[in-house]
Amino acid sequence: MCIWYYPYKIDSKYVGNKYGNYRNDGIRKISSDGNILFEKSMFELFVEHEMEYLLFSTTDDFKKDPIHLNDIQPVNENTDFWKKGDVFLSFRNLSLVILYRPETNEILWKSKPNKFFNQHDVNIVENNKISIFDNNMKFFFGSEEVDGNNRVVIYDFETDKYSTYLDKSLEKEDVRTKLSGRSQILFNGDLAIEESGNGRFLYFTSKGELKWTYFNRASDNKLYHLFWSRILYRNEDIVIVNNFLESMAK
């Protein structure tokens with residue numbers, strides 16, 4: 001769970017003491033019965049790990065939203081590179097993804113610079129790989145633009161290598177949402193893409209062929225944004241959703 005802290009969890013000399021002055025993102029783990037099990041200010045995390053330079057090193061006006069935490073991906077299984085209870089955190093405004101261990105307050109891994117820009121959505125693909133939806137959005141003179149097309153970036157912890165997934169297919173279909181967006185690589189290698197800002201959802205086969213497209217078009221013929229869409233492909237996923245819908249109907 002992502003939260004905003006106010007009163008701020010940091011000294012007022014940094015950010016003032018008025019609500020709205022600063023976006024101090026944090027994470028919180030809550031039990032099924034509503035108890036807070038863990039919480040952490042991201043500012044505190046950065047300072048404790050000598051990453052304060054990412055918050056206050058700009059020469060422009062004071063930045064109210066220096067990190068913009070936009071995705072938390074929990075780890076539910078142990079592997080050689082992470083263990084259950086760890087979390088991947090995506091900071092859009094820093095073009096940065098980290099692997100964090102709340103249990104020991106450790107940052108286990110940080111992504112390298114210049115591998116993606118203003119990204120959104122991190123997923124675990126295999127026991128040694130993650131995928132990152134790269135908006136590839138850059139700030140040019142007088143505008144912010146997707147520089148080419150959105151991409152799905154794969155990072156392999158075993159080889160310490162970055163690559164892109166079905167990049168030609170995304171380029172062909174001109175997938176280019178500036179903000180939000182998400183990708184989901186399925187067990188068979190197929191790829192689902194939510195092009196949030198353009199109200200489009202695309203499904204590619206593992207060979208890169210476009211299988212189907214959904215447009216979130218309303219009766220007024222306008223396209224509306226999509227947010228956090230999912231492909232349900234496992235029987236257990238469908239059972240969970242059906243049980244939830246049945247409980248809501250009671």
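A residue is called buried under 20% relative accessible area, exposed over 50%, and partly exposed in between. In this predicted model, E39 has a relative accessible area of 31% and is therefore partly exposed. R28, with a relative accessible area of 23%, is likewise assigned to the partly exposed class.

The side chains of E39 and R28 form a salt bridge, with a distance of 2.7 Å from N to O. This pair links distant parts of the chain, since E39 belongs to strand β3 (residues 36–41) and R28 to strand β2 (residues 25–30), eleven residues apart.

## Overall architecture

The secondary structure of the protein consists of five helices and 17 strands. For 250 residues, a compact globule would have a radius of gyration near 18 Å, and the value of 19 Å for the protein agrees with this. Along the principal axes, the C-alpha atoms fill a box of roughly 55 × 50 × 45 Å.

Of the 250 residues, 42% are buried. Among contacts with a separation of 6 or more, 44% are between residues 24 or more positions apart. The accessible surface comes to about 14400 Å², and carbon and sulfur atoms contribute 49% of it.

## The enclosed strand β5

Strand β5 (residues 87–91) is largely enclosed by the rest of the structure, because five of its five residues are buried. In a regular strand, side chains alternate between the two faces of the sheet. Both faces of β5 are covered: V87, L89 and F91 are buried on one side, and F88 and S90 are buried on the other.

β5 has pairing partners in β4 and β6. Strand β4 (residues 69–74) runs antiparallel to β5 and is joined to it by five bridges; within this pairing, Q73 has F88 as its bridge partner. Strand β6 (residues 96–101) also pairs with β5 in the antiparallel sense, over five bridges, and F91 has L96 as its bridge partner there. β5 and β6 form a hairpin with four residues between them, and S95 in the turn has a positive phi of about 50°.

Strands β16 (residues 200–204) and β17 (residues 210–215) pair in the antiparallel sense over five bridges. L202 stands opposite T213 of β17. The hairpin of β16 and β17 has five residues between the strands, and G208 takes a positive phi near 95°.

R200, at one end of the range of β16 (residues 200–204), forms a salt bridge with E195, the closest N and O atoms being 2.5 Å apart. R200 counts as buried at 11% relative accessibility, and E195 is buried with a relative accessible area of 2%.

## Further salt bridges

The count for the model comes to 14 salt bridges. K112 and D160 form one of them, with the closest N and O atoms 3.2 Å apart. K112 lies in the loop between β7 (106–110) and β8 (120–126), and D160 in the loop between β12 (151–156) and β13 (161–164), so the pair ties together parts that are 48 residues apart in sequence. K112 is partly exposed, with a relative accessible area of 37%; D160 counts as partly exposed at 37% relative accessibility.

I132 is found in strand β9 (residues 129–134). With a relative accessible area of 0%, I132 is buried. Leaving aside residues up to four places away in sequence, I132 touches V97, F116, Q119, D121, V122, R151, V152 and V153. By contrast, the C-alpha atoms of I132 and K84, 48 residues apart along the chain, are separated by 20 Å.

## A nonpolar surface patch

L232, I238, V241, F244, L245 and M248 make a nonpolar surface patch of about 550 Å². M248 is placed in helix α5 (residues 235–249). This residue, M248, counts as exposed because its relative accessibility is 58%.

Conventions
Residues numbered from 1 in each chain as written. Predicted model: local features only at pLDDT ≥ 70, side-chain atom pairs only at ≥ 80, totals over all residues. Heavy atoms only, no water. Helix = DSSP H or I, 4+ residues; strand = E, 2+ residues; numbered from the N terminus. Buried < 20%, exposed > 50% of the residue type's maximum accessible area, 1.4 Å probe, protein only. Contact = heavy atoms within 4.5 Å. Patch = residues over 30% accessible without salt bridge, like charges linked within 9 Å, V, L, I, M, F, W, Y side chains within 5 Å. Areas by Shrake-Rupley, 256 points an atom, 1.4 Å probe, with all protein chains shown as cover. Salt bridge = Lys/Arg side-chain N within 4 Å of Asp/Glu carboxyl O. Rg over C-alpha atoms; globule rule 2.2 N^0.38 Å. Pairing = 2+ DSSP bridges.
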